[in-house]
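The sequence and structure are shown first, and the description follows.

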Amino acid sequence: MTVSTERGTVLARRIRLLVAVTIVYNLGEAVVAIWAGRVASSAALVGFGLDSLVEVSSALAVAWQFSARDARTRQAREARAMRVIALAFFALAAYVTVEALRSLLGAQEADPSPVGIVLAALSVVIMPTLSLAQRRAGRELGSASAVADSKQTLLCAYLSVALLGGLLLNALWGWAWADPVVALLIAGLAVREGVEAWRGDACCGSGAAALVGVSPAEEDDCCSDCHSDHGPDRP
């Protein structure tokens, strides 16, 4: 699918705005989550905060790509942006896995965290909205890195649901084991998304797509758009 020069300019501007909003929100989210996680000894909450920092690094990579006004320059930066996103996923997965295993082996049980519950509930509402908006713009423009970054945001939304469930189980019934289990879920999804980003498959196969109402048909359309003859990786 091709877009006109004027439409491409509008979409690029929209992506830059969405990326800026994502960076600001995730920086605040990271500070609160890591602080609350340290206070409550919650590996899942700290991992969620680190995922927010990974999302910031991902958004910064896309912001760098789209800071170029020329379409050819943006296309040339695509592969490097994808690699940065992938490495950020892998770093998150490694840290969270270690902390979750330490918690499961009895290093320290997580305490209930009311602040974490409120934060997770807010993210369940905010992150899918940002992800869907950027995903649509990235698909129409044919930018794999913009779609990859939207999947990073979608992962954050999906993890918000898992985190909220784990924190509520701990707060209401004292199931401290739920915290490291959620943390390992975060790590596993991060590895999956990192592999897809490294391979350049960001358009396809989002395990959390249903959270924002993305149908399988839309997933197929996304793959076709990003891998078409007019996509970012082909002349």
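In which helix is Ser160 found? Ser160 belongs to helix 5, which covers residues 144–173. The structure is a predicted model, and the values below are computed from it.

**Overall architecture**

The protein chain contains seven helices and zero strands. Along the sequence, the pattern reads α-α-α-α-α-α-α. Of the 235 residues in the protein chain, 51% are buried. The accessible surface of the chain comes to about 10,400 Å², and carbon and sulfur atoms contribute 65% of this surface. Among contacts with a separation of 6 or more, 76% join residues 24 or more positions apart.

With neighbours within four places in sequence left aside, Ser160 is in contact with Phe48, Ala120, Ser123 and Val124.

Helix 5 packs with helix 6 (residues 178–199); their axes come within 9 Å and cross at roughly 170°. Because this angle is over 145 degrees, helix 5 is roughly antiparallel to helix 6. On the helix 5 side, the residues that meet helix 6 include Lys151, Leu155, Tyr158, Leu159, Ala162 and Leu163. Their counterparts in helix 6 include Ala178, Asp179, Val182, Leu185, Ile186 and Leu189.

Helix 6 also packs with helix 2 (43–66). In this pair the axes are 7 Å apart and the angle is about 30°. Since the angle is under 35 degrees, helix 2 is roughly parallel to helix 6. Helix 2 contributes Ala43, Ala44, Leu45 and Phe48 to the contact, while helix 6 contributes Asp179, Val182, Ala183 and Ile186.

Ile186 lies in helix 6 and takes part in the contacts with helix 5 and with helix 2. Is Ile186 buried or exposed? Ile186 is buried, because its relative accessibility is 0%. Beyond neighbours within four places in sequence, Ile186 is in contact with Ala44, Phe48, Leu92 and Leu159. Ile186 and Cys156 are 30 residues apart along the chain, and their C-alpha atoms are separated by 9.1 Å.

Thr22 is placed in helix 1. Its relative accessible area is 1%, so Thr22 is buried. Once neighbours within four places in sequence are set aside, Thr22 is in contact with Glu55, Leu130, Gln134 and Thr153.

Ser103 is part of helix 3 (residues 71–104). At 15% relative accessibility, Ser103 also counts as buried, because the value is under 20%. The C-alpha atoms of Ser103 and Ser41 are separated by 8.9 Å, although the two residues are 62 residues apart along the chain.

Ser41 is located in the loop between helix 1 (5–40) and helix 2 (43–66). What is the phi of Ser41? Phi of Ser41 is near 55°, which is positive in a residue other than glycine. Most residues other than glycine have a negative phi.

**Relative accessible areas**

The residues with a stated relative accessible area are set side by side below.

| Residue | Relative accessible area | Class |
|---|---|---|
| Ile186 | 0% | buried |
| Thr22 | 1% | buried |
| Ser103 | 15% | buried |
| Trp175 | 37% | partly exposed |
| Trp173 | 56% | exposed |

**Aromatic and charged side chains**

How many aromatic pairs are counted? The count comes to two aromatic pairs. One of them is formed by Trp173 and Trp175, a tilted pair with 5.9 Å centre to centre and 35° between the planes. Trp173 is exposed, with a relative accessible area of 56%, whereas Trp175 is partly exposed at 37%. Trp175 also pairs with Trp177: the ring centres are 5.6 Å apart and the planes lie at 20°, so this pair is stacked. Through these ring pairs, Trp173, Trp175 and Trp177 are linked into a cluster.

A further side-chain arrangement involves Trp198. Arg83 lies over the face of Trp198, at 3.9 Å from the ring centre.

Note on methods:
Residues numbered from 1 in each chain as written. Predicted model: local features only at pLDDT ≥ 70, side-chain atom pairs only at ≥ 80, totals over all residues. Heavy atoms only, no water. Helix = DSSP H or I, 4+ residues; strand = E, 2+ residues; numbered from the N terminus. Buried < 20%, exposed > 50% of the residue type's maximum accessible area, 1.4 Å probe, protein only. Contact = heavy atoms within 4.5 Å. Areas by Shrake-Rupley, 256 points an atom, 1.4 Å probe, with all protein chains shown as cover. Phe/Tyr/Trp six-rings, centres within 6.5 Å; stacked < 30°, edge-to-face > 60°. Lys NZ or Arg CZ within 6 Å of the ring centre and 35° of its normal. Axes fitted to C-alpha atoms, helices over the stretch in contact; angles between N-to-C directions. Parallel < 35°, antiparallel > 145°, perpendicular 65-115°, else oblique.
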